[in-house]
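Open the model in your viewer and keep the selection tool ready. This tour goes stop by stop, with something to select at each one.

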Amino acid sequence: MVKKTVSSDKRKDTRFSELEDRARSWQFFKVALHSKSFILGAALSFLIITLGVIAIFWLPHDISKLSVMNRFKAPSFVYLLGTDQYGRDIFSMLMSGARTSLIVSLFAVGIGMVIGVPLGLLAAGRRGIYDIIFMRFNDLIFAFPSVLIAILITSVYGQALINAVIAIGIFNIPVFVRVARGGALSLLGKEYLLAARLAGKGRLRITLEHVLPNIANLLIVQASIQLSMAILAEAGLSYLGLGAQPPLTSWGKMLNESQTMISFAPQLAILPGLAIVISVLGFNLMGDGLRDLLDPKLRRRVS
Amino acid sequence: MGQLYKYMLIALFMTSYLILPVKLAMANASTNSLNIGIALEPPHLDPTASAAGAIDSISYVNIYEGLTRIDEHGEVQPLLAKFWNVSKDGLTYTFHLHENVAFHDGSAMNCEAVKFSLDRARASDSVNAQKQLFKSIESVNCPGPYEVVVRLNHRSGSLLYNLGWGDAVIVSPKSANDNKSNPVGTGPFRFQKWQKGQQVTIIRNDQYWGPKPSLDKVAFKFISNPNAALAAILSGDLDAFSGFPAPEALMQLMTNDQFQVDIGTSEGETILAMNNKKGPLANLKVRQAIAHAIKRQFLIEGAMFGFGKPIGSHFAPHHPAYVDLTGLYPYDPQKAKELLKEAGYEGGFDLTLKLPPPSYARRSGELIASELSQVGINVTIIPVEWAQWLSDVFKNKDYDLTIVSHTEPMDIGIYARDDYYFNYESDAFKAVMEQLERTEETSARFELMKKAQVMIAKDCVNAFLFQLPHTTVRNAKLQGLWVNAPIQAIDLTTVQWSQ
Amino acid sequence: MLRYVLLRLSSLVVTLFIASILLFLFIEVLPGDPAQLMLGMNADPQSILALRHNLGLDQPLFWRYIHWITQMLQGDFGISYTYDVSVGELIRERLAVSIPLALFALFLSIGIGLPLGVIAARNRGRWLDRVLMSTLQIGMAIPNFWLGLVLIFVCAVSLGLLPSGGFTAWNEDFFAAFRALILPSLALALPQSAIIARVMRSSLIDKLGEDYVRTARAKGLSKNRCLWHHGVRNALIPVLTILGLQFSFLIAGTVIIESVFYLPGLGRLVFQAISQRDLIVVKGVVMLLVTMTITISFIIDIAYALVDPRLRSA
């Protein structure tokens with residue numbers, strides 16, 4: 001019922017009003033709070049983000065101190081989920097893994113946005129040769145097999161977190177070029193852009209003041225989807241032994257190290273796997289919730 | 001939802017464990033074939049052109065044979081050479097070859113082939129990875145078709161042993177250049193097929209000159225993922241795994257009647273190598289402090305799940321000349337701190353630890369970093385691939401600490417090498433090695449070896465951690481595989497299925 | 001149209017040229033010497049020099065590029081440093097695993113995903129739809145290598161139904177080769193099928209909302225016939241676009257699954273070649289994959305332009 005706020009007939013009238021356009025762009029976040037999948041997704045993401053952020057400053061137990069005598073402890077009040085093969089607290093490990101996952105995925109998606117969005121806007125604004133060059137550049141990046149290039153990057157520059165970020169980030173650039181370009185092109189005919197231009201505003205100013213706010217919703221939806229993909233990618237890389245290195249840990253690394261112990265310590269393999277599932281699920285649901293609300297066609301039918 | 005899912009998964013694992021013991025892992029017991037797993041795939045199959053141990057695992061005494069061979073106990077035995085005489089001055093060896101031996105390509109194995117093989121390995125453009133094995137050889141001559149005369153430029157106590165290495169096998173002059181992809185030797189098995197990335201298959205050589213092996217077909221499968229290795233064993237896809245990569249799973253396999261786990265000795269001395277000329281590590285007290293800070297029992301328990309023998313020097317514990325020096329620097333963090341204080345590093349300092357890919361190194365590295373941090377040494381772990389390890393650490397000596405297992409047999413001599421990556425220089429040690437090279441009498445040799453072990457332990461060149469075990473997991477009905485690995489080899493000549 | 005094709009073709013050539021330079025430079029900066037790696041710790045420096053010369057590693061960078069690119073243009077990928085056989089042959093062997101694996105995974109994901117999508121769309125809003133959609137959400141969130149581990153554990157180790165990994169050559173034992181690919185393709189396909197089901201569902205719901213479908217319904221066509229005739233066929237277009245993207249991912253992006261199941265596929269060939277510094281193999285395979293993807297996107301562009309003349313101006 002809430003979704004009626006932007007019903008289709010009303011949209012027709014407000015088609016050329018920038019205020020309405022922009023309001024619609026932001027309003028849906030309010031609306032989103034009424035979508036079940038968005039709420040569940042946001043809650044799961046919030047859980048993971050909170051754990052990850054806390055882990056930057058504090059962990060229940062120091063995971064750089066290894067103590068073989070303490071290994072494979074059952075869950076208790078001291079060790080919430082028990083201890084692993086080196087006597088480290090599994091809950092602290094999972095928190096540290098959340099931190100790694102978040103850092104890698106946020107920065108990787110950040111790289112994609114910071115580089116991709118301006119390129120996409122430039123392509124849309126200038127058209128012609130810029131457009132062709134950027135789109136070919138996009139094809140070029142897309143054409144490289146991402147996993148293999150990520151492996152190459154970590155081989156060249158060492159197996160550190162920053163290189164996992166770069167490796168995943170590069171492949172986020174073309175995604176955002178595409179989304180920004182597409183979004184900007186769809187605004188091209190809008191009268192308020194023309195009005196702004198007639199008022200003598202420069203290209204940069206128009207882009208910053210009028211185009212960017214109007215495609216922000218698109219970008220945010222895409223970002224939440226890319227975040228979940230980046231988390232999966234990071235897990236895959238660290239499962240192969242690339243990415244986070246001790247004393248940092250990562251869910252993929254935990255999985256890799258515990259897979260042969262499934263028979264006597266299944267929780268060691270199950271918990272990090274579950275953590276991956278929860279965080280990916282969280283970001284996916286959140287992105288989905290947002291997208292459903294964005295898509296006018298879908299909204300029309302729901303209302 | 002997540003909670004439910006978790007319970008579902010746990011239930012799934014539990015059920016599968018109930019079913020597990022019922023299942024029979026008997027794939028090949030009825031036939032005479034064998035599927036054996038090894039962790040690494042060889043780059044090619046010519047042992048005279050690469051250091052890769054996987055080449056020897058497959059080919060040594062199965063496909064290729066040398067004049068002598070090294071047996072399960074590390075002793076030299078005759079092979080293609082029936083017997084030999086040594087001249088009084090110890091400079092001339094005359095080998096008498098078996099007659100009627102043919103290579104797999106049909107050509108005859110004779111003195112020509114031996115001369116060709118040894119000269120090829122010694123040549124200036126040779127790509128043999130162990131060229132130093134042939135350093136003492138002056139010339140090889142053929143007075144008769146089955147008589148080989150090897151002249152030395154100085155007395156050598158290790159010639160017969162050196163000729164037993166995989167790098168010294170006899171190859172056919174006709175096909176030597178194709179050995180990388182189509183290996184041709186004189187052994188009891190001939191090469192059949194190499195499915196790259198998967199397996200090498202060898203079949204029985206029915207024209208073999210010696211006693212014929214029981215197995216008629218053997219597939220070596222390459223599985224480096226430890227979980228895949230465990231699954232392949234448990235599911236019966238493999239009959240055996242030599243050098244099993246998951247020590248944490250051994251207990252589980254030991255309690256299962258279908259499998260037999262052999263924990264043998266290997267020549268792999270696992271050490272925490274230190275750059276003896278770099279920064280604080282140039283100070284003997286700092287190196288001793290590091291040795292005092294490490295508890296070998298924890299390391300062996302944590303990294304190897306209890307499988308491995310502690311060592312106190314660079315020498316294999318199963319060797320008769322071994323001296324137990326593990327008590328020289330006992331675990332004592334307090335002592336370590338005091339030594340650091342004496343050396344002027346009371347406030348602690350930073351070191352890097354470069355770790356190659358094997359799990360023993362990565363796991364030990366994490367444990368050691370944690371132990372060293374407790375005495376105030378802040379260690380940064382840098383994992384590297386082998387290629388990078390060889391260029392950074394081994395060649396350019398750009399490292400502080402590294403963990404590696406030295407798997408060559410009797411390799412204490414590396415401490416006498418100029419410019420070796422430890423950056424250790426001791427004229428006294430070099431003199432002992434020089435003397436050893438020229439000594440042939442066993443007990444005198446043993447004395448020198450003992451002396452050498454004590455010297456490097458006292459100088460605390462490296463922190464000596466543990467001897468890598470050689471673990472073989474096999475179907476309980478499979479017999480005859482080597483328990484120990486004095487050299488990297490999987491000798492299949494006497495392997496058979498019991499009834 | 002001809003002008004468009006020519007323009008597009010020239011940009012294809014330029015893109016490939018740039019890709020080849022990027023790749024070459026990138027791989028040349030890899031630390032570590034292949035010759036040292038091959039000869040190991042005890043190697044004599046002279047042996048290493050001899051091997052470097054044999055491999056052509058002592059040539060200047062520019063000449064090595066020219067040499068490589070002219071060879072590639074003649075369809076010759078060079079000789080692998082480590083395996084010492086032609087790279088082309090290595091790739092052919094691996095494709096015999098990778099292409100069937102990708103195809104199986106694709107068919108499986110379609111076979112599972114499409115019906116689920118149709119069922120969900122047909123029951124839109126009811127509990128079946130909700131249960132299906134939540135399950136699919138979870139399915140999408142499961143990392144495929146984790147699924148692989150579970151499948152190995154359950155189907156191979158505990159039940160002994162299927163091999164735990166490895167691959168038998170097709171010409172040796174066709175049935176065994178087929179069985180070897182079942183679990184890995186399942187591990188790849190299940191998360192993918194969740195995506196397909198979701199795309200199919202929303203696309204189908206979209207199409208069912210179109211006026212012509214409503215008209216057909218009004219004309220008395222039964223709900224099922226209508227769903228099939230007008231809905232599913234038209235809804236397939238976005239699904240096919242996704243499948244096209246997935247196929248190229250499946251050919252090369254399966255390194256992790258190949259490592260879990262120790263399959264001798266293309267991805268693992270590159271992975272191994274990178275760690276062994278078998279640079280010629282890395283360059284060859286990656287360039288092949290890049291060429292393949294760029295060519296596919298070229299063909300798609302041309303196809304779209306044939307259908308929709310408006311696109312030709314771009």
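Two residues are in contact if their C-beta atoms, placed from the backbone, lie within 7 Å. Keep that rule for every stop. This is a predicted model, where local features need pLDDT of at least 70, side-chain atom pairs count only at pLDDT 80 or more, and totals for chains, interfaces and linings use all residues. Residues are numbered from 1 along each chain as its sequence is written, while chains are lettered from A and ligands numbered from 1 in the order in which they are written.

**Stop 1: the domains of chain B**

Select chain B and colour it by domain. The bounds come from an automatic or database domain assignment. Domain 1 takes 22-45 + 187-265 + 470-497, domain 2 takes 64-178, and domain 3 takes 269-467. Now show domain 1 and domain 3 of chain B together. Their centres, taken over C-alpha atoms, are separated by 32 Å. Where they meet, 10 residues of domain 1 of chain B are in contact with nine residues of domain 3 of chain B. On the domain 1 side, six of the residues that touch domain 3 are nonpolar, three polar and one charged. For these classes, Ala, Val, Leu, Ile, Met, Phe, Trp, Tyr, Cys and Pro count as nonpolar, Asp, Glu, Lys and Arg as charged, and the others, Gly among them, as polar.

**Stop 2: a helix with one buried face**

Stay in chain B and select residues 111-122, helix H3. Helices (H or I, at least four residues) and strands (E, at least two) are DSSP runs, numbered from the N terminus. The expected span of a helix is 1.5 Å times one less than its number of residues. For the 12 residues of H3(B) that gives 16 Å, and the end C-alpha atoms are 16 Å apart, so the two agree.

Which residues of H3(B) are buried? Pick out B:Ala113, B:Val114, B:Ser117, B:Leu118 and B:Ala121. A residue is buried if 20 or more other C-beta atoms lie within 10 Å of its own, exposed if 12 or fewer, and partly exposed in between; C-beta atoms are placed from the backbone. Look down the axis of H3(B): its buried residues fall within an arc of 120°, so they line one face of the helix. The arc is that of the directions from the helix axis to the C-beta atoms. An α-helix has 3.6 residues a turn, so residues three or four places apart point the same way.

**Stop 3: where chain B meets chain C**

Show chains B and C. Their contact takes 45 residues from chain B and 50 residues from chain C. On the chain B side, helix H1 (2-19), helix H5 (226-234) and helix H11 (386-395) each give two or more residues. H11(B) gives the most, with seven residues. By class, the chain B side has 18 nonpolar, 17 polar and 10 charged residues.

**Stop 4**

Chain C has 13 helices and zero strands. Its C-alpha trace spans about 85 × 60 × 35 Å along its principal axes. Of its 314 residues, 43% are buried.

Select residues 144-158 of chain C, helix H7. These 15 residues reach 20 Å from first C-alpha to last, close to the expected 21 Å. Where does H7(C) kink? Centre on C:Ile152, where the kink is about 25°. The bend at a residue is the angle between axes fitted to the seven residues ending there and the seven starting there. In H7(C), 13 of the 15 residues are buried, so the helix is largely enclosed by the rest of the structure. After H7(C) comes C:Gly160, with a positive phi near 65°.

**Stop 5: across to chain A**

Show chain A again. Here 35 residues of chain C are in contact with 31 residues of chain A. H13(C) provides the largest share of the chain C side, six residues. That side has 25 nonpolar, nine polar and one charged residues.

Chain A also comes to 13 helices and zero strands. Buried residues make up 49% of its 303 residues.

**Last stop: one residue**

Select A:Leu119, in helix H4 (residues 90-126) of chain A. Is A:Leu119 buried or exposed? With 22 C-beta neighbours inside 10 Å, A:Leu119 counts as buried. Leaving out residues up to four places away in sequence, A:Leu119 touches A:Phe134 and A:Val177.
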